[in-house]
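I kept this notebook open while going through the model, and here are my entries in the order I made them.

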Amino acid sequence: MPAKNPYTIFEKAENKRGSSKFLEAIPLYLEAKKLSGHDKELRGSCYFSLGDTYRMVGEFTKACKCYIEAYSQVLELGDEARSLDALVGLGLSLRATGDFKEALELFNKSLKGYKKLDDKAGAAFTLWARAGALRIKGDLKGTIAGFKEAKKMFARQKDRSGEGYCLTGLGGASRVNGSHGDSYKYYKEANKVFRGLKDTFGIAYSYCGIANSLRMKGDFKGSLAFFKKAKTNYKRIGDKVSYAYTLWGEGTSYQILGKDHLALKDFKEAKKLFTETKDKRGLIYYQLSLGQMEYKKNPKKGIKTLGEALKRAEGLSLGVEARYAKEVLKTMEKSGNLPLNLA
């Protein structure tokens, strides 16, 4: 029986990942890495792709380890550009769990490196990643400016995928900033781009964004239809984190409609996934929603849960989430008219 070719296996894994079949790609990358022997180039490529794929399905601890290994491999080969790619991947994994400070340090370092190398594609991607970290920090002005700058750079390179992800970033930042009409417009435009590219993850992401913008515009039934579409696509991909946030958004729509039993089911499932993926920010959103539900039956218990959410958000320097917690607590004190439709 002829020996297996690790390059053929790696290419097969790349095709699976390109089709958003992340869970099918992982074992193939692991097999290619195992068979790579002393081939540092292939081994490094396997670690890179594993980092990207683990990140897409919410396995951030594994993703971090793979990016650190990839960084080590490419440094030995003297490939400065790819070492920067590894740092950006590591930053994205840290950003996903709420560690935005360390992520921003890595993005700023990488951005300087890409500019020094005149690597426009790397700089554009890092600007996009950095804008997302600024969103978690609560710097919405910097977030919107960052996504717009990255979008222009992607457009000059005729990178439609990059433009699409900048549009989703602008959609999310606009929603949090209270510009719900702009948010809807950006997500609809992104969805058109991703459908044209047949990007399953991008389609799911933009469906979730459309659902959230409709929710903020008061169209809760319309939002539920798009949350359903997003869930179907995320399930197919195996992305636990995005699926968890979709459940939270759907649960919020149910909560506003007074369907607390369905809302609680979604919130509990989201919490399980947030815990599994070590998403500190996601767990704060769970507490914000749970506290409002508890307040109806037991005001003291609800206030305690919201107080814990505020403490956690402030401890992690999450500006937007801390503001939400304060808004809910203030409403409880003044009128008790809950739940609030949080962005």
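**Entry: a proline in the tail segment**

I started with P339, which is found in the segment after helix 17 (319–334). This is a predicted model, so I am reading everything below as computed geometry. I looked up the peptide bond from L338 to P339 and found it cis, with omega near 5 degrees. I flagged this for myself, as most peptide bonds are trans.

Next I checked D118, which sits in the loop between helix 6 (100–117) and helix 7 (120–137). For context, most residues other than glycine have a negative phi.

**Entry: helix 3 against helix 4**

I then moved on to helix pairs. Two packed helices are described by the angle between their axes and the distance between the axes. For helix 3 (residues 40–56) and helix 4 (residues 60–76), I noted axes that come within 8 Å and cross at roughly 155 degrees. Angles over 145 degrees count as roughly antiparallel, and helix 3 and helix 4 are therefore roughly antiparallel to each other. I recorded the crossing of helix 3 past helix 4 as left-handed.

Who makes the contact? From helix 3, I listed K40, R43, G44, Y47, F48, L50, G51, D52, Y54 and R55. From helix 4, I listed F60, K62, A63, C66, Y67, E69, A70, Q73, V74 and E76. Sorted by class, this contact of helix 3 with helix 4 has 10 nonpolar, 3 polar and 7 charged residues.

**Entry: helix 9 against helix 11**

My next pair was helix 9 (residues 160–176) and helix 11, whose axes come within 10 Å and cross at roughly 20 degrees. That makes helix 9 roughly parallel to helix 11. Helix 9 passes helix 11 in a left-handed crossing. On the helix 9 side I found Y165, T168 and R175, which meet F201, G202, Y205, S206, N212, S213 and M216 in helix 11. I counted the classes in this contact as 4 nonpolar, 5 polar and 1 charged.

**Entry: helix 11 against helix 13**

I stayed with helix 11 (residues 200–216) and looked at how it packs with helix 13 (residues 240–256): the angle is about 20 degrees, with the axes 10 Å apart. That makes helix 11 roughly parallel to helix 13. The crossing of helix 11 past helix 13 is left-handed. Here F201, C208, N212 and R215 in helix 11 meet S242, T246, W248, G249, T252 and S253 in helix 13. By class, I have 3 nonpolar, 6 polar and 1 charged residues for this contact.

**Entry: the second largest pocket**

Last, I looked up the second largest pocket, with a volume of about 230 Å³. Which helix gives the largest share of its lining? I found that helix 15 does, with 6 residues. Helix 14 (260–276) and helix 15 (280–297) each supply at least two residues of the lining. I wrote down the lining residues as D260, H261, L264, K268, Y286, L290, M293, E294, K296, K297, N298 and K301. By class, the lining of this pocket has 4 nonpolar, 2 polar and 6 charged residues.

How values were computed
Residues numbered from 1 in each chain as written. Predicted model: local features only at pLDDT ≥ 70, side-chain atom pairs only at ≥ 80, totals over all residues. Heavy atoms only, no water. Axes fitted to C-alpha atoms, helices over the stretch in contact; angles between N-to-C directions. Helix = DSSP H or I, 4+ residues; strand = E, 2+ residues; numbered from the N terminus. Parallel < 35°, antiparallel > 145°, perpendicular 65-115°, else oblique. Left-handed = near helix turned anticlockwise from the far one by under 90°. Contact = heavy atoms within 4.5 Å. Nonpolar A, V, L, I, M, F, W, Y, C, P; charged D, E, K, R; others polar. 1 Å grid on protein atoms, 1.4 Å probe; cavity = no way out; pocket = protein on both sides within 12 Å on 5 of 7 lines; lining within 4 Å. Points joined across faces, edges and corners; volume = space filled by probe spheres on them.
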